[in-house]
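Work through the exercises below with the structure in view. Each task is followed by a solution in steps.

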Amino acid sequence: IGTGTKATDAMAEAFKESTGASNVKCSAALRNCRRLTSNDRRLQSSTGIKADFTYVSSTNTAPAAATFQANLKAQLSAAGLPDNVVVNAFTTPVDQTAETVSAAVGAP
């Protein structure tokens, strides 16, 4: 989050390695972190990073958390970032295929 694209690039590469998916994009945001004043933050009980992945794959399954965690630690370490992460779980992937629509429009 605070390291620019290095962390999200590492997450995307770990996801790609874990799933075999292509065209992987990752966006990440802090979860349950609330600013009390300009200098203080209070973390709620379930804190962490929420990451969303967009990808192309022939299967609609999420990677195993342990596999992704191992790949993520390797990618973060290779990028020179801290690798003390724990992957809890993945939500069920949402299939976002869009039908191609073609239309011809003319003046009446």
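**Exercise 1.** Does N23 count as buried, partly exposed or exposed, and at what relative accessibility?

Solution. The model used here is predicted. Begin with the location: N23 belongs to strand β1, which covers residues 22-35. Next take the cut-offs: buried is under 20% relative accessible area, exposed is over 50%, and partly exposed is in between. The relative accessibility of N23 is 48%, so N23 counts as partly exposed. Finally, look at the backbone: the phi angle of N23 is near 50°, a positive value in a residue other than glycine.

**Exercise 2.** State which elements the protein has and in what order they run.

Solution. Start with the count: the protein has two helices and two strands. Then read from the N terminus on, which gives the order α-β-β-α.

**Exercise 3.** Describe how helix α1 packs against helix α2.

Solution. Two packed helices are described by the angle between their axes and the distance between the axes. Helix α1 spans residues 5-19 and helix α2 residues 65-78; they pack at an angle of about 140°, and their axes are 8 Å apart. Angles over 145 degrees count as roughly antiparallel and those from 65 to 115 as roughly perpendicular. The angle found here therefore makes α1 oblique to α2. As for handedness, α1 passes α2 in a right-handed crossing.

Now list the residues that meet. From α1 they are A7, A10, M11, E13, A14, F15, E17 and S18; from α2 they are T67, F68, N71, L72, Q75 and L76. Sorted by type, the residues of this contact are eight nonpolar, four polar and two charged.

**Exercise 4.** Locate P63, and find which residues it touches beyond those up to four places away in sequence.

Solution. P63 sits in the loop between β2 (41-56) and α2. Its relative accessible area is 8%, so P63 is buried. Leaving out residues up to four places away in sequence, P63 touches F15, S18, T19, F68 and F90. Take one of these, S18: P63 and S18 are 45 residues apart in sequence, yet 5.9 Å apart in space, C-alpha to C-alpha.

Definitions and conventions:
Residues are numbered from 1 along each chain as its sequence is written. This is a predicted model: local features need pLDDT of at least 70, side-chain atom pairs count only at pLDDT 80 or more; totals for chains, interfaces and linings use all residues. Side-chain values use heavy atoms; hydrogens and water are left out. Axes are lines fitted to C-alpha atoms, for helices over the stretch in contact, and angles run from 0 to 180 degrees between N-to-C directions. Helices (H or I, at least four residues) and strands (E, at least two) are DSSP runs, numbered from the N terminus. Angles under 35 degrees count as roughly parallel, over 145 as roughly antiparallel, 65 to 115 as roughly perpendicular and the rest as oblique. A crossing is left-handed if the near helix is turned anticlockwise from the far one by less than a right angle, and right-handed if clockwise. Contact means heavy atoms within 4.5 Å. Ala, Val, Leu, Ile, Met, Phe, Trp, Tyr, Cys and Pro count as nonpolar, Asp, Glu, Lys and Arg as charged, and the others, Gly among them, as polar. Buried means under 20% relative accessible area, exposed over 50%, partly exposed in between (1.4 Å probe, protein chains only).
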